[in-house]
Amino acid sequence: EKGGLPSPGWCRSPVSGWLGVPLLTMPFKDKISFLERLPIPRLEDTIRRYLAAQRPLLDDVKFRQTEKISHSFLNGVGRDLHEELVAKDKYEKHTSYIAGPFLEKYLCSRDSLVTANAFIIFTSDRKKEYNNQLVRATNIVCSAARFLKTLRTGLLEPEVFHLSPRKSDSNCFKKFIRWVPSSLSWYGASMMNAYPLDMSQYARLFNTTRIPRLRQDELFTDENGRHVLVMRKGNMYVFDIVDRDGNLVKPAEIHANLKYILDDSTTEPTFPLGFLTTENRDVWANLRNKLIAAGNAEELHIVDSALFCLCLDDETLTDITHITQNVLSGGGCNRWYDKSFSIILTKNGESGVNFEHSWGDGVSVLRFVNEIHKDTTEQPLVHPGSATAAVDPDSVVRRLQFKLDTEMEDAITKARKNSGVLASNLSVHVTDFKRGGRKFFKEKKVSPDAIMQLAFQMGFLRQYGQTVATTESCSTAAFRHGRLEDIWPVTLPTKTCSHAFVCQPGQHSVEHLNAMLSECSKYHKQLINEAATGNWPAQCQGFGCHLYVLRHLAMSKGQTLPCLYTDPSYAKVNHIILSSTTLSSGVLRTGGAAPVVSDGFGLGYGFRDSESRTIVTSYPTLNSHEFQQCVHKSLTDIFNVLEGKPIS
């Protein structure tokens with residue numbers, strides 16, 4: 001298990017990074033590194049959950065048809081596929097049954113990475129003078145390099161998901177787990193409602209690029225790369241940030257190199273190559289092959305093997321919606337969307353991460369963001385007024401030059417136009433609800449996550465008069481090579497509750513509405529806990545991964561797709577209109593992704609003690625601003641009821 005900067009008790013050198021042996025974290029890490037494999041659910045349970053998710057979306061006639069098809073699948077071809085999957089899984093004990101198909105699904109997608117990548121915006125330094133673009137960029141690069149050193153030396157306290165933080169997020173728990181044999185450590189931790197998370201994704205965090213290939217892309221990682229890729233005004237620069245021994249280059253030298261780039265008077269190229277990474281993947285694959293044939297193989301390898309990409313933007317942005325839009329889809333001129341992650345920094349030091357999704361999930365990227373934010377704000381290596389090193393950056397920093405013919409110039413011009421249309425069509429709205437947050441929900445004994453999911457359902461019902469397919473991403477990283485499972489928040493209780501609030505507000509007492517909210521909250525909390533830990537009892541509605549892998553298995557065998565997958569109801573429940581995600585962190589300002597379908601919303605949200613924030617992305621088919629207003633109205637009604645007031 002690897003990743004991250006160390007906990008207290010370490011000795012730090014400003015040049016070589018973190019050194020020393022932790023007094024407690026090494027035994028703790030060693031003891032809980034054993035992870036259980038993600039279990040394959042019983043097919044009966046998967047079908048039951050599938051039908052439970054279908055029930056609120058279908059009328060009685062269509063539901064009976066889908067129920068009949070599902071039971072036929074369960075007792076026929078589905079059973080054969082399931083038994084074949086179980087047998088296959090017994091011989092692949094090194095990984096999870098979903099890992100291969102999940103990765104292939106990402107890499108086979110031909111959509112532009114502008115809409116496929118995810119993003120995280122993190123808070124600025126509270127000390128305003130440290131938000132100077134040069135100072136902040138230097139400190140972020142230095143912290144990222146120190147993170148890299150800790151990652152590759154294996155010195156890390158593992159990531160742990162605490163369902164009961166008061167019980168398990170403590171030194172007492174760590175002391176207890178030290179004495180548990182490694183083979184039993186997962187069970188010992190789970191007894192305390194703590195689940196060590198799989199951290200194998202960190203192997204792809206650095207030096208990784210998604211290479212466009214026809215029909216299916218490829219993940220490329222070259223750990224020999226010691227350089228960072230810096231983009232400014234569409235120009236691409238590289239220089240080393242770690243030496244041959246894996247230690248951090250002197251911060252004053254990194255400071256000097258970044259100053260050199262920011263002072264460079266080179267104008268934006270007429271044909272910025274970054275626009276090509278915004279194209280359809282097959283289009284980009286063909287163009288990349290032509291770039292290589294034209295003599296650009298070495299330059300592309302330098303880009304692909306870079307530790308990560310740092311995008312230094314010239315815009316000064318202060319509005320959170322504009323900042324979010326810039327990190328999500330800020331155009332291709334100053335981006336290389338293929339990199340595993342890009343740190344984006346505005347002129348006034350507003351920062352975020354745009355990351356490619358095939359190699360890893362938000363949990364891994366958020367850990368990285370948390371660590372570098374903590375390190376840069378609490379122990380910065382460069383300060384306002386710090387002198388740069390007396391070096392010659394001109395001999396260290398290399399600006400990449402590419403050979404472009406007329407065909408390639410035309411392709412970049414076309415990609416620039418397509419990128420502009422794509423970015424303009426992808427709208428973003430960020431709204432704060434300041435009436436209350438975690439503290440209020442805790443006082444009322446309801447789940448914040450459940451209430452927000454309910455507000456989304458109510459909002460869409462209020463705007464469009466429908467209850468639609470909705471998912472919430474949930475990490476299964478508590479298991480080896482776990483990825484994501486979908487929670488299906490639309491249930492019969494939430495549908496009933498939504499209609500009571502939106503369509504029948506005068507027909508129910510405050511007490512009755514309160515009871516509905518409480519029922520939805522209890523049910524939703526159960527779904528989250530079960531999906532996150534993989535403890536798949538009948539109530540858990542996570543069925544997507546299991547059915548997807550069975551479908552993948554049938555297709556790989558050349559079989560005709562079973563009727564379950566050709567049933568229009570299957571397409572309907574998988575056409576996710578409301579695709580949502582949340583990440584919890586004190587440094588996170590916004591986070592999320594684009595909608596997964598053209599007529600849907602991408603929803604991100606988070607909570608603080610006294611307020612909550614929602615991020616809505618959409619295409620022109622839907623009105624995200626109006627949806628935000630409907631969600632805000634729904635939250636207002638819910639808060640009134642929780643306070644014992646009638647709906648206004």
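The crossing of H2 and H20 is left-handed, a label used when the near helix is turned anticlockwise from the far one by less than a right angle, with clockwise giving right-handed. Everything here comes from a predicted model, in which local features need pLDDT of at least 70, side-chain atom pairs count only at pLDDT 80 or more, and totals for chains, interfaces and linings use all residues. Residues are numbered from 1 along each chain as its sequence is written, and side-chain values use heavy atoms, with hydrogens and water left out.

Helix H2 covers residues 43–54 and helix H20 residues 544–556, and the two pack at about 115° with their axes 9 Å apart. That angle makes H2 roughly perpendicular to H20. Angles of 65 to 115 degrees get that name, those under 35 count as roughly parallel, those over 145 as roughly antiparallel, and the rest as oblique. Axes here are lines fitted to C-alpha atoms, for helices over the stretch in contact, and angles run from 0 to 180 degrees between N-to-C directions. On the H2 side, Leu 43, Thr 46, Ile 47 and Tyr 50 meet His 546, Leu 547 and Leu 550 of H20, contact meaning heavy atoms within 4.5 Å. The residues of this contact split into five nonpolar, two polar and no charged. In this scheme Ala, Val, Leu, Ile, Met, Phe, Trp, Tyr, Cys and Pro are nonpolar, Asp, Glu, Lys and Arg are charged, and the others, Gly among them, are polar.

H20 also packs with helix H5 (residues 99–108), the axes coming within 10 Å and crossing at roughly 80°. H5 and H20 are therefore roughly perpendicular to each other. Here Pro 101, Phe 102, Glu 104 and Lys 105 of H5 meet Cys 545, Tyr 548, Val 549 and His 552 of H20. This contact brings together five nonpolar residues, one polar and two charged.

Back at H2, its other partner here is helix H3 (residues 60–75), with axes that come within 10 Å and cross at roughly 170°. That makes H2 roughly antiparallel to H3, and the crossing is right-handed. The H2 residues involved are Leu 43, Glu 44, Ile 47, Tyr 50, Leu 51 and Gln 54, while H3 contributes Phe 63, Thr 66, Glu 67, Ser 70, His 71, Phe 73 and Leu 74. By class, the contact of H2 with H3 has seven nonpolar, four polar and two charged residues.

Thr 66 of H3 is buried, with a relative accessible area of 1%; buried means under 20%, exposed over 50%, and partly exposed in between (1.4 Å probe, protein chains only). Leaving aside residues up to four places away in sequence, Thr 66 touches Tyr 50, Leu 51, Gln 54, Leu 58, Asp 567 and Ser 569. Val 369 sits in helix H14 (residues 362–378) and counts as buried at 0% relative accessibility. Val 369 and Ser 585 are 216 residues apart in sequence and 9.6 Å apart in space, C-alpha to C-alpha.

As for the protein overall, there are 23 helices and 20 strands, taken as DSSP runs numbered from the N terminus (helices H or I, at least four residues; strands E, at least two). Buried residues make up 58% of the 648. Of the contacts between residues at least 6 apart in sequence, 77% join residues at least 24 apart.
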